[in-house]
Amino acid sequence: MRDGETAYLRLEGITKRFGNFVANDSINLKVNAGSIHGLLGENGAGKTTLMNILCGLYQPEAGQIYLHDRAVQITSPKVAIAQGIGMIHQHFMLVPQLTVTENIILGSPLTLRLNLKQKSREILVMSERYGLSIDPLAKVGDLPVGTQQRVEILKALYRQAKVLILDEPTAVLTPPEVQGFFKVLRQLAAANHTILFISHKLDEILSLCDHITVLRRGRVVGTMIAHNSTRQDLARLMVGRDVLFHLEKAAQSSDHIVLEVQNLQVRDDRHLNAVQNVSFTLKAGEILGVAGVDGNGQRELADAIAGLRPATAGELILNGQIITRWTMQQRIKRLKIGYIPEDRQKMGLILRFSIARNLILKGFQQLPFCRNGWLQRGAIAHHATQAIQSFDIRATSGKLRVSQLSGGNQQKVVLARELSGDPTLIVAMQPTRGLDVGATEYVQQALLTERQRGAAILYISTELEEIMMMSDRIAVLYEGRFVAILDAATATVEQLGLLMAGSPAGRLSP
Amino acid sequence: MSDSAAFLSDYLAASLRLSVPLAFAALGGLFSERSGVLNIGLEGMLLTGAFVSAATVFYTGSVWVAILAALIVGGLVGLLHAYLCVTLRVDQLVSGLAINLSAAGLTAFLSRLVFNSKTSQPLQGLDAIAIPGLSQIPIVGSLFFNQDPLVYLLLLLVPLITYLLFKTSLGLTLRAVGEYPRAAETAGVSVLFVRYLSVMLSGCLASLGGAYLVLVHVKFFMEDISAGKGFIALAALIFGRWHPISTVLACVLFGATEALQLRIQAFSLNIPYQFLVMLPYVIALFALIGLAGKSTPPAALGIPYVKESLDD
Amino acid sequence: MKANQILRSITPVLSPLFAISSALLVGAGLIALAGVNPIAAYSVLFREALANYYGFGTTLTKTAPLLLTSLGVFVALKAGQFNIGGEGQIYMGGLGSVLVGLYVHGLPALIHVPLALLSGFLFGAIWGLIPGYLKAIRGINEVITTLLLNYIALNLINYLVSNPLIEPGAPSPYSPTIATSAQLPIILPQTQTHAGILIGFAATIVLWIVFQRLPLGYQVEAVGQNPIAARYAGISVERTIMLVMATAGGLAGLAGAGEVMGLKYRLFDQFSPGYGFDAIAIAFLSRGNLVGVVMTSLFFGALRSGANVMQRSAGVPVTVVYAIQGLAVLFIAIGLALEKRFAIRQSSVITSG
């Protein structure tokens with residue numbers, strides 16, 4: 001570590017407010033050139049806001065940014081780029097309909113002739129220099145996610161970025177890909193680029209970064225040297241208390257098979273097979289975790305079981321009944337399947353409806369909410385009051401609009417709707433995505449309670465740690481197939497990582 | 001020249017004439033929608049241009065001042081639409097509709113004041129300028145090279161806009177803003193500026209279409225002279241997949257259909273004229289149906305762009 | 001906090017009032033431009049339309065088709081659909097009712113009238129279902145399809161009343177008179193005010209019940225607010241859209257039927273002076289509020305009713321009314337957007353948990 005060097009990037013007292021909400025509170029940060037600095041914090045801690053300030057999308061209410069001890073005002077993305085700050089966003093800022101070259105040169109000084117051929121050649125040379133191989137003429141929308149990320153990085157390097165800010169970059173990578181990615185980052189650091197690595201993943205930050213700053217609720221709660229810190233230290237700083245890395249789970253006892261899936265095949269929106277020949281059984285009181293990098297068929301699998309998408313082949317059998325051809329309406333009416341979608345605001349809730357009205361989204365045509373064709377307002381309001389209590393939703397009444405709730409409380413509304421009524425089967429798609437630790441623990445606990453009650457749960461998530469914690473068995477979904485179904489107690493991260501990346505080790509026999 | 005050749009020449013000329021207002025409006029719509037802003041208000045802008053040019057030429061007697069006035073007022077209406085959609089983030093459909101209704105009402109009222117029924121003589125119009133030599137070519141010559149300046153402008157605009165859109169960085173920026181505005185913003189582009197410019201331009205172009213209608217084609221103004229041309233232009237835009245050349249070709253198709261209505265007697269077919277008046281609209285409808293799903297608009301079309309947002 | 005809550009609850013009423021007042025103000029300017037004293041002009045207009053028995057009758061007569069068509073636009077908006085095809089649907093409704101009125105014989109009024117109304121409703125409903133189907137199943141934007149269908153309907157009716165349906169020997173295109181048994185009764189003696197307005201009020205009440213108390217209303221609103229979530233809850237978004245567009249068309253069809261069966265007893269060429277487009281303005285000004293729809297329809301009806309008198313006695317062209325209406329929509333659009341921004345700044349009520 002090169003102490004005593006002036007920090008290349010320095011933040012002093014950065015504060016950002018959104019209305020009454022303070023997203024960043026007097027943040028101080030020092031990053032040396034040629035080093036990798038980790039910014040750790042859970043969802044909602046203020047990391048992304050801070051980064052958006054650095055790349056010119058937001059303006060802070062107070063504080064100052066220094067580059068090489070020179071005060072700078074980053075008033076727009078253009079200024080940020082001019083100052084040599086390059087941001088690699090979590091959700092790539094790439095236009096899918098344009099080619100790699102077009103995306104990279106977008107926003108550079110306006111020229112009358114685009115001269116794509118020459119630029120493509122330049123970009124190819126650049127990509128080889130940094131070890132980030134790409135095809136300059138490919139359309140970005142056609143590229144796999146890992147390659148898109150390389151384009152995003154090249155975009156920043158093309159603009160002569162000295163500071164690279166990476167926002168949760170490993171979310172879309174398999175564990176083996178992550179190692180390769182880290183190698184590239186270390187090379188860039190060695191070439192004297194300054195790297196700011198934002199993540200909520202403790203292990204990655206520990207293995208990659210030189211220094212770590214921990215954010216909690218908008219404030220800096222600690223800055224430390226990586227190789228002097230432990231997971232426990234970081235977790236405690238991140239959350240503010242000791243965090244359990246293991247959940248208490250009673251052994252699973254029942255033998256009754258709730259769901260049987262046979263040779264399931266489902267097509268995605270582009271009419272390609274997203275799920276191919278998937279078979280498994282799910283017992284009552286069991287959690288089957290489905291691990292895999294996003295985009296390997298998870299959504300199509302969940303949709304098919306819920307009834308949103310037809311299966312092109314195979315059978316779904318619930319409690320002995322073949323429900324493959326049942327429409328969604330039929331499944332909602334006659335079966336008790338809870339479905340927690342991956343995007344609560346887009347798929348699970350109607351933001352402008354009240355809590356009470358959201359709770360009846362599935363049941364508004366049946367008793368007790370509808371009798372003789374009339375909506376029963378009393379029953380609906382009563383149900384809401386009960387749900388608010390039993391699910392600890394922080395709201396004063398059922399009439400409150402869901403849009404005014406926090407992410408965690410919104411998810412609780414979804415849970416209240418899907419879990420009340422004692423469902424036989426629960427499909428949970430990324431149920432803790434975007435939630436802070438408190439809400440995450442609540443959701444996990446609620447699902448474990450359902451497990452205790454005897455519900456069969458399909459837990460689909462891209463967070464490996466979470467799956468290992470929650471599941472009884474773990475299936476790995478790769479390119480639409482279950483490449484393995486392992487016992488959660490004995491499965492290791494390495495094993496699962498390899499399987500998620502498609503490596504044949506430990507696979508199920510075809 | 002035989003009868004049929006004369007008829008063909010005449011028919012093509014009429015088709016072109018009828019498609020010019022459509023083409024101007026559609027090209028205007030192209031700019032706006034390529035930047036992601038839906039422009040249902042093309043009809044209103046066209047009507048505005050028609051009225052403004054008619055009134056200006058009535059008062060000043062100069063067609064060129066009239067065209068300039070149409071351009072300016074069209075740009076202002078575009079500015080209004082841009083302000084509503086981009087800054088205030090009103091629903092883009094509502095803004096367009098409001099502009100149509102306001103334009104229809106205002107032009108109807110003001111035209112009564114300006115042109116009371118005493119004025120029955122046609123307005124000063126724009127005359128054709130023949131390009132020497134080229135205009136002598138049979139059929140094609142009089143069609144393309146013996147036209148008024150606005151048509152020449154249109155013929156120049158089409159390749160110009162195509163080049164601009166696909167071969168310059170301005171065009172690249174425009175397309176990026178229409179597909180994924182936030183990506184453009186982080187790359188240093190001002191989405192707001194690009195959208196304002198595009199929508200104002202759409203107002204200017206649509207207005208120019210209206211000016212053509214009045215100054216060259218019919219040489220007078222009346223209520224609802226646009227008769228839905230702005231909407232057909234939108235259909236042409238979808239039909240042409242937001243590409244300048246195919247969009248203008250679609251406009252020519254619709255113009256040709258309308259031209260057919262006025263000449264059907266020549267075929268001595270007993271089709272009632274109302275069905276022929278209906279024809280452009282019916283064809284536009286079927287064009288839309290036939291293309292469903294295959295014509296993809298710019299991805300961010302219709303979605304207001306929010307600069308600062310607190311995502312969860 | 002209290003002040004904000006009060007403000008938030010009256011804004012739905014305030015902003016349309018503000019928009020209308022602003023439009024009237026601009027209208028006053030336009031009237032002045034025409035060389036007439038605006039105050040004199042407006043007083044003639046409103047006095048004639050509201051304070052005078054016959055004038056009020058005319059107001060109600062003009063309100064009837066406006067109300068019904070606006071209810072149609074309103075219903076479609078609830079499901080997130082923009083029905084701009086009211087004009088065409090009115091014409092088709094007129095056609096449907098006139099066919100029953102002319103070619104069905106020997107029925108008592110008690111059956112003939114509802115039958116003719118039903119026919120008008122159905123014809124309008126089909127004209128609404130077409131774009132509804134195209135939107136729901138094929139994803140084609142309903143704004144353009146409904147607009148194009150307007151022109152198609154207009155020309156279709158024009159053709160029909162000029163040829164097969166024309167009254168023999170008529171100097172201009174119109175149909176023969178419909179049977180007496182198919183005619184709507186007059187409800188205000190010595191005026192032209194027919195039962196159409198009552199149908200409008202009845203429809204309003206039905207819709208109120210649907211949206212306040214019935215699961216169907218909830219379903220429509222769910223689809224309008226978040227079709228994705230609605231689909232995840234098992235609601236058929238496609239069927240809801242089609243149903244809503246058909247209903248919207250049907251209501252506009254009733255408006256057309258009312259004009260034929262109650263006002264003229266014939267199908268006239270171009271019998272709708274732009275009611276379909278006014279309805280859009282009314283629906284937007286009402287901000288999704290049924291009472292607002294009724295009040296605004298009455299206001300527009302009054303404008304139209306008084307405008308004719310205003311033209312005769314004060315010399316102001318009738319078209320100023322169209323200008324005012326158009327501007328009102330513009331101002332309400334601005335008002336809506338400003339309101340949203342104001343609301344976003346207020347509602348940072350992020351409860352923790």
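Reader: How many residues of chain C are in contact with chain B, and with how many residues of chain B?

Author: In this predicted model, 39 residues of chain C are in contact with 36 residues of chain B, where contact requires C-beta atoms, placed from the backbone, to lie within 7 Å. The largest share of that side of chain C, 13 residues, is given by helix 13 of chain C, and by class the side has 30 nonpolar, eight polar and one charged residues.

Reader: What makes B:Arg34 count as buried?

Author: B:Arg34 has 26 other C-beta atoms within 10 Å, and a residue is buried if 20 or more lie within that distance, so B:Arg34 is called buried. B:Arg34 is placed in helix 1 (residues 3–34) of chain B, and its contacts, not counting residues up to four places away in sequence, include B:Arg175, B:Trp242 and B:Pro298. The C-alpha atoms of B:Arg34 and B:Arg175 are separated by 5.9 Å, although the two residues are 141 apart along the chain.

Reader: Why are strand 16 and strand 22 of chain A said to stand at the edges of their sheet?

Author: The open sheet is formed by six strands of chain A in the order 16-19-20-13-21-22, with mixed pairing; strand 16 (337–340) and strand 22 (481–487) each have a single partner strand, so one side of each lacks a neighbour in the sheet.

Reader: How do you know that strand 16 and strand 19 of chain A pair?

Author: Two strands pair if DSSP finds at least two bridges between them, and strand 16 and strand 19 (residues 425–429) of chain A share four, in the parallel sense, so they count as paired.

Technical notes
Residues are numbered from 1 along each chain as its sequence is written. Chains are lettered from A and ligands numbered from 1 in the order in which they are written. This is a predicted model: local features need pLDDT of at least 70, side-chain atom pairs count only at pLDDT 80 or more; totals for chains, interfaces and linings use all residues. Two residues are in contact if their C-beta atoms, placed from the backbone, lie within 7 Å. Helices (H or I, at least four residues) and strands (E, at least two) are DSSP runs, numbered from the N terminus. Ala, Val, Leu, Ile, Met, Phe, Trp, Tyr, Cys and Pro count as nonpolar, Asp, Glu, Lys and Arg as charged, and the others, Gly among them, as polar. A residue is buried if 20 or more other C-beta atoms lie within 10 Å of its own, exposed if 12 or fewer, and partly exposed in between; C-beta atoms are placed from the backbone.
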